[in-house]
Every structure is written in structure tokens, then in C-alpha cells.
Amino acid sequence: MTERSLALPLTKDALRSLAEAQGLALTDPELDGLLPLVQAGRALMAELAAAPLGEAEPTVLFHMR
Amino acid sequence: MADLWWASMGELARLVATKAVSPVEVVRAHLDRIAALDGRLKAYITVMGDSALGAARAAESAVMAREALGPLHGVPVGLKDLYCTRGVKTTSGSRILGNWVPTEDATVVTRLIAAGAIVLGKLNMHEFAYGPEGLNAHYGDAWNPWDRATHRICGGSSSGSGAAVAAGICPGALGSDTGGSIRIPSSLCGLTGIKPTYGRVSRAGVLPLAWSLDHVGPMCRSAADCALMLGAMAGPDPRDPSASAVPVPHYVAALTGQVRGLRVGLLPSFVESAGAPQRQALGQAVKALEGLGASVRDVTLDQMKYAAGAAAAVISAESYAYHEGWLKTRAADYGPDTRQRLLVGAFVSGTDYLRGQRVRGLIRDEMDRALAEVDVLIAPTVPIAATPVGAREVTIDGRPQPVRPSLVRYTRPFNVSGHPAASVPCGFTAEGLPIGMQVIGRAFDEATVLRVADAYQRVTDWHTRRPPLDR
């Protein structure tokens, strides 16, 4: 079971709250269109929890010049 | 000279250098053809007719004065409209930047001009490069030249580059590739295009979609022309900290035509899920490579199953980070589809993003291990052919599939891994629509990718076929 599957399903109201917390005022039709896209993205990202990451560091790192 | 617009970039450079044609003649021929065809094709957002003719006259004077000439002297190029051009508006296919005029050129533009290239204009694209169909609500949807009757997508996001080069209204163009945006339109428009290794070509002055996935590369009508263009563009750049100092080989000299003994890995999972015409075309390409003396075997990449998730996390978060300000102040100026896609990134957590970046390391390492055993990998570029504009679903072997994820399925993994990957024409569907083969190489080994593509093109003629525009 992945971390994401333990989380509550994302609803339109939850999405509205998350958007408002970020300063995004989205209309009902916008939220309706956005919700399946966000859900699809979250489902894809949830699969990453099964990746054998071990001690792997992110591939984007700060570099001094 | 007839049909100058179908001459290769290498041929044009030779004709100009030997005074067989004037650069003015070359540029005029292309401008005339743009005037004749682009009303329908919508490949260009801005045609730079006056400056192109001015540059052509200067190029002609240089030839007559016997000055040293660059490898692209007098050869026209087109630029996807996300490459900054000093004094010329650069829209990124958007209304947001509809009147923005940069004060300096992108590094690659400077380098192409230094090599003698003449910029014909700025090319249409999916708004802010965020879409594999290559559609544009603001500047019109580019028309795939391979179907005169049905308005089909060119593939994107570099759709104008695909339409323009395929239609002979520029001999080569710059695309950019974050999830397949060079290779998808190359496949759907019958072109050869290469996404080099991440870091091989500077991104300075290129408007971003996602900084860590964006790649800059050429789209041409042959691997030989891609080699010519890439050689003029590649190399370190102090303006781009991600640009690599790995030495740039002479790509044209690497085109020996020889692949005898080369070890080719076929990605069966990519082939099996492709449409029947794509599977069949790739099968024929395998035979052609074997006929040239290469050995082909199956290669399995277990970590590739994470590529879509990693790409989703990274592209969503990075693109939202770039657009957040405009999304809050000028939301109505985006096309509805682009705005919606960009907003998805507002709901990606920092943990999701970093997990995606960590997974990229796994995928890159697995690719490196696979490419220690073979010299290149091959796969279909896209599992489908160009769909009609507006189609959201396509059928593959009787199974309905959504168009958008189908377009990026085979290309996106190599943006995630950063390895170089080219698309090469390898056949046509029964409807006459082009099919592409992807050739993927080791990091910074674009030379082998181009050598394989060129050797294949020496024994096939798919890349020499032209769309039915002149009939």
C-alpha cells in the first residue's frame, strides 16, 4: 500500500481549499476540469513510492560556481 | 535553379559556397513559398522577410569577397518561437508574451548565425510548449502537410517546425523537447530530429517549460542535416550552468555509413503497445539495420515503468513555478487547455517533486547499464500516426486510447533519463502518414545516434519522400 493510497481521496472541495490556500481563485467549471487532471497526476506520482530509491539523491542539486 | 526549397542544408551550403546560387536566391525562394503555402499551414508566427533578405545580401557579399564561410553560410533556418531573438518578438506561442521583444539572442541563435545561417522567422508551437499535439488557440493550429484533405496535428510542441521543414518552407529548424517535442513532430511530419543529451546544447535564452527536462535540438529532412546543425549549436556556455563541457565531436565526420558490428537493443515493451503500422515499420527497420551488419537483440528496462510518474512530478512542478505569477494575474490570457495543465502543478508537493528527481537517477543509471551492453536502443517514436485536430481518442489494435498520453509514451522516458534520442522516418501508414523510429544513445554520444540514422537513410528512401503539396 502506498503512502498516497492511505490519503483521503481528493474532492472538488478539497481542491478548492488547496487552491485558495495558494492564492488561486478558481471557478467551479475550472475546478471540474482540473480535478481529473490532478487526480491522474497524483495516481502517477503515487507509483513512485514503490521505486527502489535507497539512498538516491535528487538529480537536481545546488552547485557552486 | 528549380525546387531550391527541397535542397538539403548541406547541399544549399555547397551551392552557396561554390557560387552556384546566391543566398538571396535561396532566401527569396523560401519566402515565396512561405507566401504561397503558409496561409493554410500556419507554420510561422513571424516571418522575418526583410531581415532575412538583408542577411542574405550580406552573405552574398561575403561569398563574392572570398571571406571564410561558416558551415551553414547562406542557409535559411526557422526558430521555434521560444528562442529569444534580439529585436524580434518572441511569443512562446502565447498571448502573455504576444508583444515581448527580447534584447538579446539565445546562445544557439547566436551560434547558428555565426555559422552563417539566415533566420527566416519564428515558428508556431503549442502555447508555452505544453502540449504534444502542437495546437495553438492564439496563432492557429498548424496543418500537417501530409494530408491535404483533413486538418491533422503536426505533433508538438514544435508543430510549426515540423510543418515548415516538411513543407519545404525552411530546410531546417530549431525545436525544443521536454517530453518529446522535437521527436513527436519529427515522427508525425516525416522528419529527422534529435534531442541531444541534456546539457549538450545551451538553453540560455530559450523560454523554459521545465528547466531540468528541456532539451534544445534540430529538426531537418535528414540525419546529415541534423549533424550539420547540431555541430554548429553544441558546446559549453557560461550563460547556462547546465551546459556541459564534454568535448563536441565533428558530427558530420562521424557519418561514415558504417554500422557493421554495431549492437542494437530493441525495446519490446515499446513495440508491443504500438499500432500495427508502427510495429510493421519498425520490424522492417530492424531488418535494414541487420542487413547493414548490425546485430539486434531485445533489451528490457525495468525502471521505465516509473518514467511517467517522475515526468509528471517534475514537469508539473517546474512549469507551475515558472508560470505562477502570470496564472495569478493574467489567467484569462492563457488558452484554456494550457492554463488547466499548468494549474496541475500547484498541487504537487515538494516531496513529490524531489521523489520524481530521485527516480530520474534510477532510470538514468539503468539506461547507462543497458547502453554498456549495446551501442544504441531503438523503439517506435510514437505509437500512432497524426490524428485529426480535435481528436481526443485513437484506436490501437481495436483498443481506444487517449491521444495525448499516447503521443508522449515512448519519448518522455528519455527526457527523464537525459539520453540523446533521434526520430527517423521509417515508413508510412496506408493513409500516407509518416511513421518514425527512435534511436537512443549513450550520454553525449549523439555521434553514434546520428551515424545509425544516417546509415539507415543511405539504404532507405522514407526521408526523401515529400508531402503532396505541389501536386
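Two strands pair if DSSP finds at least two bridges between them. With that in mind, here are some close-ups of a predicted model.

**View 1. Strand E4 of chain B between its two neighbours.** Six bridges join E4(B) to strand E6 (residues 215-220) of chain B, and the two run antiparallel. Look for Ser176(B), which stands opposite Val216(B) in E6(B). Toward E2(B), two bridges hold a parallel pairing, and there Leu79(B) has Leu174(B) of E4(B) as its bridge partner.

**View 2. The two faces of strand E4 of chain B.** Gly172(B), Leu174(B) and Ser176(B) lie on one side, Ala173(B), Gly175(B) and Asp177(B) on the other, and all are buried. Six of the six residues of this strand (172-177) are thus buried, so E4(B) is largely enclosed by the rest of the structure.

**View 3. The open sheet of chain B.** Eleven strands line up in the order E1-E3-E2-E4-E6-E5-E12-E13-E9-E7-E8, with mixed pairing. Strands E1 (44-47) and E8 (295-298) of chain B stand at the edges with a single partner strand each, so one side of each is left without a neighbour in the sheet. On average, neighbouring strands are turned by 30° against each other, direction ignored. Helix H2 (residues 23-41) of chain B packs on this sheet, where it touches E1, E2 (76-80) and E3 (118-123), and its direction makes about 20° with that of E3(B).

**View 4. Strands E5 and E12 of chain B.** Three bridges pair E5(B) with E12(B) in the antiparallel sense.

**View 5. Helix H15 of chain B and its surroundings.** This helix (residues 446-459) has 14 residues and reaches 20 Å from its first C-alpha to its last, close to the 20 Å expected at 1.5 Å a residue. Eleven of the 14 residues are buried, so H15(B) is largely enclosed by the rest of the structure. Among the buried residues are Val449(B), Leu450(B), Asp454(B) and Tyr456(B). Their cover includes strands E5 (192-195), E9 (376-380), E12 (421-428) and E13 (434-441), together with helices H7 (223-233) and H9 (276-291), of chain B.

**View 6. Where chain B meets chain A.** The contact takes 32 residues from chain B and 31 from chain A. About 2,700 Å² is buried between the chains, and carbon and sulfur atoms give 67% of that area. In chain B, Phe347(B), Arg355(B) and Arg358(B) lose the most area to chain A, together 28% of what that side buries. The rule finds one salt bridge across this interface. Arg339(B) forms a salt bridge with Glu30(A), with the closest N and O atoms 3.3 Å apart.

Note on methods:
Residues are numbered from 1 along each chain as its sequence is written. Chains are lettered from A and ligands numbered from 1 in the order in which they are written. This is a predicted model: local features need pLDDT of at least 70, side-chain atom pairs count only at pLDDT 80 or more; totals for chains, interfaces and linings use all residues. Side-chain values use heavy atoms; hydrogens and water are left out. Helices (H or I, at least four residues) and strands (E, at least two) are DSSP runs, numbered from the N terminus. The expected span of a helix is 1.5 Å times one less than its number of residues. Buried means under 20% relative accessible area, exposed over 50%, partly exposed in between (1.4 Å probe, protein chains only). Contact means heavy atoms within 4.5 Å. Axes are lines fitted to C-alpha atoms, for helices over the stretch in contact, and angles run from 0 to 180 degrees between N-to-C directions. Buried area is the accessible area (1.4 Å probe) that two parts lose on being put together, summed over both. A salt bridge is a side-chain nitrogen of Lys or Arg within 4 Å of a carboxyl oxygen of Asp or Glu.
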